[in-house]
Amino acid sequence: MKFEAIVRTELGKGASRRLRRAGRFPAIVYGNQAVPISIALIHNEVMNQIDKPSFYEGRITLMISSEEIKVKLQDIQRHAFRLQIEHIDFVRI
């Protein structure tokens, strides 16, 4: 499973709301004693894969500025009543 991600420069509640209105959502990649990276993913691409068991159990490859990072899902936050992802945490493998 592979997703394209962009590095976020704007952080905070307002920036996250603008991302969600634009069809993306915020996420973070941390672990392996490296610096955490704040990223943005395309909402529809992730929603198409979220029903598959390999999304939760398997390895995911994130393409961040032409660099492949192998990650595993750590946490996912969903909207209370909409079918919408609010935020995802990934851990480097």
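1. Let's start at the end of helix α1: the helix is followed by Gly-23, whose phi is positive, near 90°. Helices here are DSSP runs of H or I with at least four residues, strands are runs of E with at least two, and both are numbered from the N terminus. You are looking at a predicted model, in which local features need pLDDT of at least 70 and side-chain atom pairs count only at pLDDT 80 or more, while totals for chains, interfaces and linings use all residues. Residues are numbered from 1 along each chain as its sequence is written, and side-chain values use heavy atoms, with hydrogens and water left out.

2. The overall layout comes next. Six strands form a closed barrel in the order β1-β3-β2-β6-β5-β4, with mixed pairing. On average, neighbouring strands of this sheet are turned by 45° against each other, direction ignored. The axes behind such angles are lines fitted to C-alpha atoms, for helices over the stretch in contact, and angles run from 0 to 180 degrees between N-to-C directions. Strands of a sheet pair through backbone hydrogen bonds, either parallel or antiparallel. Two strands count as paired here if DSSP finds at least two bridges between them.

3. Take β2 and its two partners. Strands β2 and β3 pair in the antiparallel sense over seven bridges, and Val-29 has Ile-37 in β3 as its bridge partner. In the hairpin that these strands make, two residues sit between them, and Asn-32 takes a positive phi near 55°. With β6, β2 runs parallel, joined by four bridges; here Ala-27 has Ile-88 in β6 as its bridge partner.

4. Strand β5 (residues 67-78) runs antiparallel to β6 and is joined to it by seven bridges, with Val-71 partnered by Arg-92 in β6. Strand β1 runs parallel to strand β4 (residues 60-64) over four bridges, where Phe-3 has Leu-62 as its bridge partner. Between β1 and β3 the pairing is antiparallel, over three bridges, and Ile-6 stands opposite Ala-40 in β3.

5. Now back to the helix. Where does α1 lie? It lies across β2, β3 and β6, and runs at about 120° to β2. In α1 (residues 13-21), Ala-15, Ser-16 and Leu-19 are buried. Seen down the helix axis, the buried residues of α1 fall within an arc of 100°, so they line one face; the arc is that of the directions from the axis to the C-beta atoms. Buried means under 20% relative accessible area, exposed over 50%, and partly exposed in between, with a 1.4 Å probe and protein chains only. Lys-13 and Arg-21, on the other side of α1, are exposed. The cover over the buried residues of α1 includes β2 (24-31) and β3 (34-42).

6. Ser-38 lies in strand β3 and is buried, with a relative accessible area of 18%. Not counting residues up to four places away in sequence, Ser-38 touches Ile-6, Val-7, Arg-8, Leu-11, Ala-27 and Ile-28; contact means heavy atoms within 4.5 Å. His-87 lies in strand β6 (residues 85-92). Leaving aside neighbours within four places in sequence, the contacts of His-87 are Phe-25, Pro-26, Ala-27, Ile-28, Asp-75, Ile-76 and Gln-77. The side chain of His-87 also makes a polar contact with the side chain of Asp-89, at 3.1 Å. A polar contact is a pair of N or O atoms within 3.5 Å; within protein, one must be able to donate a hydrogen and the other to accept it, and residues adjacent in sequence count only if both atoms are side-chain atoms.

7. Finally, the aromatic rings. How many aromatic pairs does the structure hold? It holds two. Phe-3 and Phe-55 make an edge-to-face pair, 6.3 Å centre to centre with 80° between the planes. Phe-3 lies in strand β1 (residues 2-7) and Phe-55 in helix α3 (residues 53-57), so this pair ties together parts that are 52 residues apart in sequence. Phe-55 and Tyr-56 form an edge-to-face pair too, 5.3 Å centre to centre with 85° between the planes. Rings of Phe, Tyr and Trp (its six-membered ring) pair if their centres lie within 6.5 Å; planes under 30 degrees apart count as stacked, over 60 as edge-to-face and the rest as tilted.
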